[in-house]
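User: Hi, I have just opened a structure that is new to me. Could you walk me through it?

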Amino acid sequence: GQELIYAVPLAEAGYTVFNLNHRAAPTHRYPAPVEDVQRAARYIRFNAADFGIDPDRLGAMGGSSGAHLVSMLGVLDGEGDPDDPSPVNRVSSKVQAVVTRAAPLDLRTNPEAPLFGFRGNAGAKGSYEAHIMVEASPISHVSRDDPPFLLIHGDADPVVPYEWSERMLVELEAKGVTSELIRVEKGGHG
């Protein structure tokens, strides 16, 4: 499984690895999964001393829908709320490095994404759905202060278009964000 791809090699290399659980589509819709991983990143940062890690050196990696979520941890502001009653929610959720595999990075034209659960003529210009599709797309939030991104994507992916990673790379580079795209020739989604 995924733990063999990510967690075991990273742990063997000396990294501390956390597996983030979140409410998932199709049962749970945007923004619930993003809120969950932001809370998890805040929890890890808040408790960094207990975990023996540097709170200013958090990276995130994931594949497919998990890649969408880790991308959001990289591009969203992530500032905590200084007035929140929970001290965990007062710290930042922004990570300092992002690695994605087959990431849904540009949902602006994909109203059928399970993350949304839209029905009917969703995504019409100026609609609520169109607004949410932009808000949920990592590519919409890229800014100069974003962490380095490593994008890995198969050019034959039947689920998430390879072009989305190409578009994200262009946007990251345009903002001066250190980034790289590894194209897996004839690679599928998994």
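Analyst: What follows is a walk through this predicted model, from its overall make-up to some single residues.

User: Okay, how many helices and strands are there, and what pattern do they follow along the sequence?

Analyst: The secondary structure comes to six helices and four strands, and read along the sequence these follow the pattern α-α-α-β-α-β-α-β-α-β. The radius of gyration is 16 Å, close to the 16 Å that the globule rule gives for 190 residues, so the protein is as compact as a globular protein of that length.

User: And what box do the C-alpha atoms fill?

Analyst: Taken along the principal axes, the C-alpha atoms fill a box of roughly 50 × 40 × 35 Å. The protein exposes about 10300 Å², of which carbon and sulfur atoms supply 52%, while 43% of the 190 residues count as buried.

User: Which strands does β2 pair with, and how do they run?

Analyst: Strand β2, residues 97–101, is joined by five bridges to strand β1, residues 59–63, and the two run parallel. Four bridges join β2 to strand β3, residues 149–154, and these also run parallel. To find the pairings on screen, look for A60, which stands opposite V98 in β2, and for R101, which stands opposite I152 in β3.

User: What do β1, α4 and β2 make together?

Analyst: With helix α4, residues 65–75, the strands β1 and β2 make a right-handed β-α-β unit.

User: Is α4 largely enclosed or largely open?

Analyst: Nine of the eleven residues of α4 are buried, so this helix is largely enclosed by the rest of the structure. The buried residues are A67, H68, L69, V70, S71, M72, L73, G74 and V75, and what covers them includes α2, β1, β2, α5, β3 and α6.

User: New topic: which residues touch the most other members of the largest nonpolar core?

Analyst: That core has 39 residues, and Y30, F116, F149, L151, M168 and L172 touch the most other members. At least two of its residues come from each of α2 (32–46), α4, α5 (128–135), β3 and α6 (162–174), and the largest share, six residues, comes from α4. As a general point, nonpolar side chains tend to be buried together in soluble globular proteins.

User: Take L151, then. What is it in contact with?

Analyst: Leaving aside neighbours within four places in sequence, L151 is in contact with T100, L105, S165, M168, L169, L172, E180, L181 and I182. For the protein overall, residues 24 or more positions apart account for 71% of the contacts with a separation of 6 or more.

User: I also noticed K94. Where does it lie, and why does it count as buried?

Analyst: K94 lies in the loop between α4 and β2, and it counts as buried because its relative accessible area is 10%, where the cut-off is under 20%. Not counting residues up to four places away in sequence, K94 touches R45, L73, G74, V75, L76, D77, G78, D145, D146 and P147.

User: And Q38, what does it touch?

Analyst: Q38 lies in helix α2 and is buried, with a relative accessible area of 14%. Beyond its neighbours within four places in sequence, Q38 is in contact with L73, L76, G78 and S93.

User: Then where does S64 lie, and what is its phi?

Analyst: S64, in the loop between β1 and α4, has a phi near 55 degrees, a positive value in a residue other than glycine. A102 has a positive phi of about 55 degrees although it is not a glycine; this residue lies in the loop between β2 and α5 and is buried, with a relative accessible area of 1%.

User: What about A113 in that loop, buried or exposed?

Analyst: A113 lies in the loop between β2 and α5, and at 8% relative accessibility it counts as buried.

Definitions and conventions
Residues are numbered from 1 along each chain as its sequence is written. This is a predicted model: local features need pLDDT of at least 70, side-chain atom pairs count only at pLDDT 80 or more; totals for chains, interfaces and linings use all residues. Side-chain values use heavy atoms; hydrogens and water are left out. Two strands pair if DSSP finds at least two bridges between them. A crossover is right-handed if, with the strands pointing away from the viewer, the path from the first strand over the helix to the second runs clockwise. A nonpolar core is a set of buried Ala, Val, Leu, Ile, Met, Phe, Trp, Tyr and Cys residues joined through side-chain atoms within 4.5 Å. Buried means under 20% relative accessible area, exposed over 50%, partly exposed in between (1.4 Å probe, protein chains only). Contact means heavy atoms within 4.5 Å. The radius of gyration is taken over C-alpha atoms; the globule rule is 2.2 Å times the number of residues to the power 0.38. Accessible areas come from the Shrake-Rupley method with a 1.4 Å probe; for residues, only the protein chains shown count as cover.
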